[in-house]
Amino acid sequence: MVNIAVMGYGTVGSGVVEVIGTNGDVINQRAAEEINIKYVLDLRDFPGDPIQEKIIHDVDIIINDPEIRIVVEVMGGIEPAYTFVKRCLEAGKSVVTSNKALVAKHGAELLSIARDRNLNFLFEASVGGGIPIIRALNSSLTADRIEVITGILNGTTNYMLSKMFYEGADYDEVLKEAQDNGYAERNPEADVEGYDACRKIAILSSLISGQQVDYEDIHTEGITKITSRDMLYAKKLGMTIKLIASSKRHGGHLHAIVAPMLLSKEHPLYSVDDVFNAVFVHGNMLGDAMFYGSGAGKLPTASAVVADVVDEAKHLHRNIMTMWKNEKLELLPIEDTEKRFFVRISGNAEARFKEAETVFGPSELVTAGLDDEFGLVTGVMTEREYTEKAAKLDGILHMIRIEE
């Protein structure tokens with residue numbers, strides 16, 4: 001029997017208990033051991049819930065119990081999660097977490113502690129919810145040099161942008177609907193400003209580079225400025241708009257960004273709609289691969305957490321996780337990256353398109369039946385060039401990057 005403790009009995013924590021309770025026979029068979037939840041740590045009590053007999057309020061009970069081999073951290077946030085996880089590892093217990101903020105900030109240190117003690121620190125659910133992208137990078141794709149990893153990593157914003165695209169709805173309208181349906185928090189900032197996706201692409205960038213990528217260094221834009229008019233132009237171009245989190249190699253450098261981007265119908269992420277997430281990977285040997293599924297939600301996330309528990313139960317005395325160093329990776333500045341840009345400009349197209357072309361160079365005119373504005377698609381240029389040119393033209397309403 002492998003005794004485990006669950007720290008946090010919120011959405012994901014209760015999901016972990018449910019998954020183990022529902023699929024216990026299959027899980028035990030795959031682990032070749034019986035997985036037994038001995039403790040559940042939470043500040044609250046749960047009278048009437050069968051879990052109450054396992055509820056504890058003091059983390060030291062877990063840390064000081066030699067029978068606990070694996071600890072599941074699903075509390076969220078940096079503290080006290082970081083302190084608790086570090087103490088558990090130092091006490092000789094492997095740890096599983098779904099906590100992207102913790103992994104993005106302290107992943108290198110916690111992986112190092114686990115390796116030094118022949119333990120494991122696994123975090124599949126921290127990036128893609130139920131999508132097994134970290135397991136793929138850690139095992140299936142270890143023979144590859146990953147050149148590109150690009151994803152839709154936030155189900156809330158993907159749901160909202162899908163609604164805006166297919167129904168012509170406005171941002172405020174779809175945000176309220178997402179909140180009413182339980183897809184968005186009352187304070188949706190982490191999702192809609194891109195911070196959630198940013199932490200996830202920081203983790204993936206650290207894994208593929210082998211060095212610490214700080215999420216604070218990643219250029220991040222959310223979806224709050226996307227309008228129904230932007231969607232009109234996207235349809236006119238035969239494209240859609242998605243919040244993309246991307247990490248790409250440029251020579252000897254890595255560049256990462258989170259921003260709304262226009263995707264053509266040929267792009268593998270074009271048809272990923274609603275609350276689904278997907279990650280596209282290009283390896284120098286493998287070529288292209290896609291991972292698609294439920295990126296969030298109680299049971300998909302809990303399923304990924306329990307899969308990590310099984311992995312740790314099978315490798316109680318052997319470290320299996322790819323490391324990344326504490327040494328910080330300097331990302332290629334966004335100004336030096338190249339792409340095409342879609343630009344909305346106020347005024348009549350007949351009167352102003354030629355003026356815009358003198359600034360941006362040869363461009364494709366895009367009209368969407370609006371009298372007071374028009375759009376254009378630039379040629380390929382660096383972000384620095386775009387910024388310098390845009391400063392010379394009055395009336396720019398909005399810019400969206402094009403993901404090739």
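I take the radius of gyration over C-alpha atoms, and the globule rule as 2.2 Å times the number of residues to the power 0.38. With 404 residues, a compact globule would come out near 22 Å, and the protein has 23 Å, which agrees.

**Ground rules.** I am working with a predicted model, in which local features need pLDDT of at least 70, side-chain atom pairs count only at pLDDT 80 or more, and totals for chains, interfaces and linings use all residues. Residues are numbered from 1 along each chain as its sequence is written, and side-chain values use heavy atoms, with hydrogens and water left out.

**Overall.** I looked up the span of the C-alpha trace along its principal axes and found about 75 × 45 × 35 Å. The secondary structure comes to 15 helices and 19 strands; these are DSSP runs numbered from the N terminus, helices being H or I of at least four residues and strands E of at least two. Of the 404 residues, 57% count as buried, meaning under 20% relative accessible area with a 1.4 Å probe, protein chains only.

**Strand 17.** I then turned to residues 373–377, where five of five residues are buried. Which way do the residues of strand 17 point? E373, G375 and V377 point one way, and F374 and L376 the other. In a regular strand the side chains alternate between the two faces of the sheet.

**Its partners.** I count two strands as paired if DSSP finds at least two bridges between them. Strand 15 (residues 338–346) runs antiparallel to strand 17, with five bridges joining them, and R344 stands opposite G375. Strand 16 (residues 364–366) also pairs with strand 17 in the antiparallel sense, over three bridges; here E364 faces V377. Strands 16 and 17 form a hairpin with six residues between them, and G369 in the turn has a positive phi of about 75°.

**The largest pocket.** I searched a 1 Å grid over the protein atoms alone for pockets, open sets of points with protein on both sides within 12 Å along at least five of seven lines; lining residues have an atom within 4 Å of a point. The largest pocket holds about 1,100 Å³, a volume being the space filled by probe spheres set on the points. Its lining has 43 residues, with V12, K100, E185, D196 and A296 nearest the centre. Which helix gives the largest share of the lining? Helix 11 does, with four residues.

How values were computed
Buried means under 20% relative accessible area, exposed over 50%, partly exposed in between (1.4 Å probe, protein chains only). On a 1 Å grid over the protein atoms alone, a cavity is a set of points where a 1.4 Å probe fits but cannot get out, and a pocket is an open set with protein on both sides within 12 Å along at least five of seven lines; lining residues have an atom within 4 Å of a point.
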